[in-house]
Amino acid sequence: MNKTYCPSLTEYKRRLSREVKIGDVPMGGLNPIRVQSMTTVDTMDTLGSVEQTLRMVEAGCEYVRITAPSVKEAQNLLEIKKELRKRGCNVPLIADIHFTPNAAELAARIVEKVRVNPGNYADKKKFDIIEYTDATYAAEVERIRERFRPLVQICKQYGTAMRIGTNHGSLSDRILSRYGDTPLGMVESALEFLRLCEEENYYDVVLSMKASNTQVMVQAYRLLVQKLDEEGLQPYPLHLGVTEAGEAEDGRIKSAVGIGTLLEDGIGDTVRVSLTEAPEAEAPVAKMLIDRYTNRAAEAKPIAPVVGQEPIDPFQYFRRYTREVLNLGGQNVPRVIVDLSRLPSVEYADLRCAGHLYSAFLDKFQMNDLGADYLYSGQRPVPFMLPNGLKEIVDYSAWLDAGQRAEHFPALTPAEYAVAAARHPQLNFVFHTLGSLTPAALDQLRADSTAVVVLHTDNAHAMPEIRRAFFELLNAGVTCPVIIKREYPALKDEQTQLYAATDVGGLLLDGLGDGVVLSTELLPERSKDEWLTTLDQLNQLSFGILQAARTRMSKTEYISCPSCGRTLFDLQETTAMIRKRTDHLKGVKIGIMGCIVNGPGEMADADYGYVGVGKGKIALYRGQEVIKKSVPEAQAVDDLIELMREDGKWIEPVKLEEPVGA
């Protein structure tokens, strides 16, 4: 299969999509990447919806989506639109439709765009395993096309745009029976609808391939672009989003890993960041992700293009094969390194920033779930014995001066490594950039079973340059483990979070990278306490990125939808309550959904589900199977914990002892 999913793997170029008119704000083509979000107020609350829409527009939303689960809500979109226009707000409105073609057909006459989900618009979703013959499959497709055709004709007549939005979690039984729970199934689900649009000469279409699993989401978008090209279909604009990303930093990191990876390759025409927060909090995050690419082409340094076929499959996850060096590479999870090299001194209590907590009373360390694997101390080795399991990296000159100690692992520049007579017998780190990976350097690395490469760059087009360096290693048959090093000078914390998640997460999604080290410049006026706080944040960020990219699960994962007008309980409050009770369950995935539309399907990836089914009533799921149908909200979290207990997944929380004076 060709790998034509982006214009260039080395040069920043935006994919040139077809322009689609959505009210007065066109999308795609040469237009800027647009920001959008979705209201959370009940659609029947006209004034509440209007007020929230105005706040969202103020926060930077260029399109506002409103749910219309039935005809009455679709009808009320007219009242909302009238009131907005009366107040001088011309933001294009998008109706969000699931299950109800008649609501979509009404909404298409009122708003500027309708969003339909091909998995549940006219298809069956009963979680039944049905054997489809070619004939029954084709008959079902024809039935769906006939149900969908009137909407296409109405949109064409009224000049209304449409988003065909596939969700990984709500693929129909029919698609699942033929393609399985795969990116290809997601793409095919959308293409069935898209082919009908083209037959009707209707082209005002936007496409999306959302998933809460970032690997699946990125592969599906890439495959979609490639399939459109392969089938000779129009290059439709793409709406980017990670469904149910969650809240706070986890939601931001997960969104950046998925959305940022595609933006890096020039894919995407509009972005919605789904957070379990007020919708006006989503737009600034989307804008921050998008703004990074405004001047990318001008700021980027040229990267040598890939010679021949690129050595990875962008549509399927395979981790790069590496030999094991100590606890790096091979089958080991990616490792986290905390850079302490700029600290003037290090005391026992300071290791808290690396997830290792010292109790003076007990004179011992305890490690939390985010305990780093290595410290990089540079020229100043730590003056005491490190807790068990934590290893130390020092600069090569400091390693030589300290007597080549066995518990210190040296970090060498390419020049030092080329001539080093003395090396550690087990593990040596070598800093490299794409430019320093010369044929001689590659030969040396290939022959050294103790070498681990630390890849870094100062190119603004950072992720593609580091990816290009990985290609160099792959094509040269070098199997050393590789640590991805990224440095972010003088950025706001949230920018660092989003940029690092994009740069490192994008590589991890392609199976590239055996560890991560993040650092920022030391600002002269920063105190040691401030610096330790920053290091703690970078350590947490490193673990968060590894988790979001599905490469190292170190904490509980919450797949929580953004609230919307369909939600049957306070999502933010409930998510916080469930998190408080369960956030010690390492690697368990819990889906928290406001209603059944975003129910068992949308949390396809979750081990357990907590889904609103009526006012004050919750359904509890194990995977996609409903276990309890109508639990009173007051006892639902206790019942969820009881379900985990039955499955042997529940562990009583253990409180780490606080260090004295903390």
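Arg-550 is found in the loop between helix α16 and strand β19 (residues 557-560). Start your tour of this predicted model there, since that residue leads on to helix packing, loops and the nonpolar cores.

- The backbone of Arg-550 has a positive phi of about 65°, although Arg-550 is not a glycine.
- Is Arg-550 buried or exposed? Arg-550 counts as buried because its relative accessibility is 17%, and the cut-off for buried is under 20%.

**Helix α16 and its partner α8**

- Helix α16 covers residues 528-548, and helix α8 (residues 248-264) packs against it at an angle of about 55°.
- The axes of α8 and α16 are 9 Å apart.
- That angle makes α8 oblique to α16.
- The crossing of α8 past α16 is right-handed.
- Which residues make the contact? On the α8 side they are Ile-253, Lys-254 and Val-257, while α16 supplies Leu-541, Gly-544, Ile-545 and Ala-548.
- Sorted by kind, the residues of this contact are five nonpolar, one polar and one charged.

**Helices α14 and α15**

- Now look at helix α14 (residues 462-475) and helix α15 (residues 493-509), whose axes come within 9 Å and cross at roughly 30°.
- Why do α14 and α15 count as roughly parallel to each other? Their crossing angle is roughly 30°, and angles under 35 degrees fall in that class, so α14 and α15 are roughly parallel.
- The crossing of α14 and α15 is right-handed.
- From α14, the residues Ala-462, Met-463, Ile-466, Arg-467 and Phe-470 meet Thr-502, Asp-503, Gly-506 and Leu-507 of α15.
- The contact of α14 with α15 divides into five nonpolar, two polar and two charged residues.

**The nonpolar cores**

- In soluble globular proteins, nonpolar side chains tend to be buried together.
- How many residues are in the largest nonpolar core of this model? There are 153, and those with the most contacts inside the core are Phe-148, Leu-151, Met-162, Leu-445 and Ile-545.
- Apart from that core lies another one of 18 residues, including Ile-578, Ile-592, Leu-640 and Met-644.
- You can trace the surroundings of Leu-445 in the structure: leaving aside residues up to four places away in sequence, Leu-445 touches Arg-323, Tyr-417, Val-430, His-432, Leu-437, Ala-451, Val-453, Leu-473, Val-478 and Cys-480.

- Asp-363 sits in the loop between strands β10 (356-359) and β11 (364-367). Its phi is near 50°, a positive value in a residue other than glycine. Asp-363 counts as exposed because its relative accessibility is 54%, and the cut-off for exposed is over 50%.
- Thr-438 lies in the loop between strand β15 (428-432) and helix α13 (439-447). With a relative accessibility of 36%, Thr-438 counts as partly exposed. Along the chain, Thr-438 and Glu-472 are 34 residues apart, and their C-alpha atoms are separated by 9.5 Å.
- Arg-272 belongs to the loop between strand β8 (270-271) and helix α9 (282-291). Arg-272 is buried, with a relative accessible area of 3%.

How values were computed: Residues numbered from 1 in each chain as written. Predicted model: local features only at pLDDT ≥ 70, side-chain atom pairs only at ≥ 80, totals over all residues. Heavy atoms only, no water. Core = buried A, V, L, I, M, F, W, Y, C linked by side-chain atoms within 4.5 Å. Buried < 20%, exposed > 50% of the residue type's maximum accessible area, 1.4 Å probe, protein only. Contact = heavy atoms within 4.5 Å. Axes fitted to C-alpha atoms, helices over the stretch in contact; angles between N-to-C directions. Helix = DSSP H or I, 4+ residues; strand = E, 2+ residues; numbered from the N terminus. Parallel < 35°, antiparallel > 145°, perpendicular 65-115°, else oblique. Left-handed = near helix turned anticlockwise from the far one by under 90°. Nonpolar A, V, L, I, M, F, W, Y, C, P; charged D, E, K, R; others polar.
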